[in-house]
Amino acid sequence: MSGAVFLVNPASANGSTGRSWPEIAHRAAAAGLDGRALLSDGPGQLAGLARDAASDGASLLVVVGGDGTVNEVVSGLLPLAAAGRPVPELAILPRGTGKDFVRTFRIPAGLDEAIAVARDGEPRVVDGGRAECRSWAGEELTAWFANIASAGMSGAIARRANDSSKALGGRVSFLAATLQVFPRWRPDLMRLTVDGETYEARMRDVVVGNCRYFGGGMKMCPDALPDDGLFDVVTIGEATNLDLVLNMPKVYRGTHLPHPRSRVFRGAVVEVDADTPVPLELDGETPGTTPARFTSIPGALRVRAPRGAPLA
């Protein structure tokens, strides 16, 4: 398949991707999916490699890694899309621990099945997201996402999970981090503005969903449509530890809404602020804190998914 470029994160899946890459490449080529491979040397490098591949005319970028790897790649492509420039289609061979982005599109976790989708899948339009926030050093920062952003407790959970080895997989790592952070996290007075309408309350979290899953399989935004130009915004209010115990299974199933301690909004521009800055999470990464502004970039990406499959 001419025009394809593999963007590989050898460190994904606790380093097993690097060790397995020769076998992955062999199986992809045997299935008729081949092209040149670019392996990253460290965090953040794939954004530049994706941007360069797009500028060189690549027609397909095959992302080999997890949610963080996908975030790096889209962070290279979304500024181009926001400027009106064409970007390549994306295909994903999931190799990370969370696999949250691919869940929405039913992209299979099995290697041979994922290769088949990367080769023959149906391109689905996916909106992008731009986040304007404050870095940990206190400077203004622009970052990008394609799956889910959030502000509050989930930022602290993502930091704790990312500091762990994730050796037991994404679901266990994020669940363990949630159980550690939730009981100690105190709701902040937060101001949420969605398309100009403001809501103020004490909240643990504000989740801004372009897609449906985060945190290792939590279906937090079960009705989000990745191609409607809007975010689904779910707030978590002053929930108790008992609420967590009773509702966690429902969150994984996506049946937790409606809930008396949550509200749901929908809009293209979302602003979040708090009396005390709270941490952000973008596709599992933790770039900084509030105040933050999230803006949808409609139709920015095209991601190959199983043909005819509904969203999960």
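Visitor: What percentage of the 312 residues of the chain count as buried?
Guide: The model is a predicted one, in which local features need pLDDT of at least 70, side-chain atom pairs count only at pLDDT 80 or more, and totals for chains, interfaces and linings use all residues. Residues are numbered from 1 along each chain as its sequence is written, and side-chain values use heavy atoms, with hydrogens and water left out. Buried means under 20% relative accessible area, exposed over 50%, and partly exposed in between (1.4 Å probe, protein chains only). Of the 312 residues, the share that counts as buried is 55%.

Visitor: How many helices and strands does the secondary structure of the chain come to?
Guide: Helices (H or I, at least four residues) and strands (E, at least two) are DSSP runs, numbered from the N terminus. The secondary structure comes to 8 helices and 15 strands.

Visitor: What is the radius of gyration of the chain?
Guide: The C-alpha trace spans about 55 × 40 × 40 Å along its principal axes. The radius of gyration is taken over C-alpha atoms, and the globule rule is 2.2 Å times the number of residues to the power 0.38. For 312 residues that rule gives 20 Å, and the chain is close to this value, so it is as compact as a globular protein of that length. The radius of gyration is 19 Å.

Visitor: Of the contacts with a separation of 6 or more, what percentage do residues 24 or more positions apart account for?
Guide: Contact means heavy atoms within 4.5 Å. Among contacts in the chain with a separation of 6 or more, the share from residues 24 or more positions apart is 75%.

Visitor: Which elements do the buried residues of α2 pack against?
Guide: Helix α2 covers residues 45-55, and its buried residues are L46, A47, G48, L49, A50, A53 and A54. Just after α2, G57 takes a positive phi of about 95 degrees. The buried residues of the helix pack against β1 (4-8), β2 (36-39), β3 (60-65) and α3 (67-82).

Visitor: How many salt bridges does the count come to?
Guide: A salt bridge is a side-chain nitrogen of Lys or Arg within 4 Å of a carboxyl oxygen of Asp or Glu. One of them joins D120 and R119, at 2.7 Å from N to O. By this rule the count comes to 12 salt bridges.

Visitor: How many residues apart are R293 and E132?
Guide: The side chains of R293 and E132 meet in a salt bridge of 3.9 Å, N to O. The pair links distant parts of the chain, with R293 in strand β15 (residues 288-305) and E132 in strand β5 (residues 122-135), and the two are 161 residues apart.

Visitor: Is D275 buried or exposed?
Guide: D275 forms a salt bridge with R191, with the closest N and O atoms 3.0 Å apart. D275 lies in the loop between β13 (269-274) and β14 (280-282) and R191 in strand β8 (residues 188-194), so the pair ties together parts 84 residues apart in sequence. R191 is partly exposed at 24% relative accessibility. D275 has a relative accessible area of 54% and is therefore exposed.

Visitor: Which residues is T295 in contact with, leaving aside its neighbours within four places in sequence?
Guide: T295 is found in strand β15. At 13% relative accessibility, T295 counts as buried. Leaving those neighbours aside, T295 is in contact with G128, G129, R130, E132, F231, A268 and V269.

Visitor: Where does P258 lie?
Guide: The peptide bond from L257 to P258 is cis, with omega near -5 degrees. P258 lies in the loop between α8 and β12 (262-267).

Visitor: Where is the place of P291?
Guide: A cis peptide bond joins T290 and P291, with omega about 5 degrees. The place of P291 is in strand β15.

Visitor: What is the relative accessible area of N14?
Guide: N14 lies in the loop between β1 and α1 (16-30). Phi of N14 is near 55 degrees, a positive value in a residue other than glycine. N14 counts as partly exposed, because its relative accessible area is 44%.
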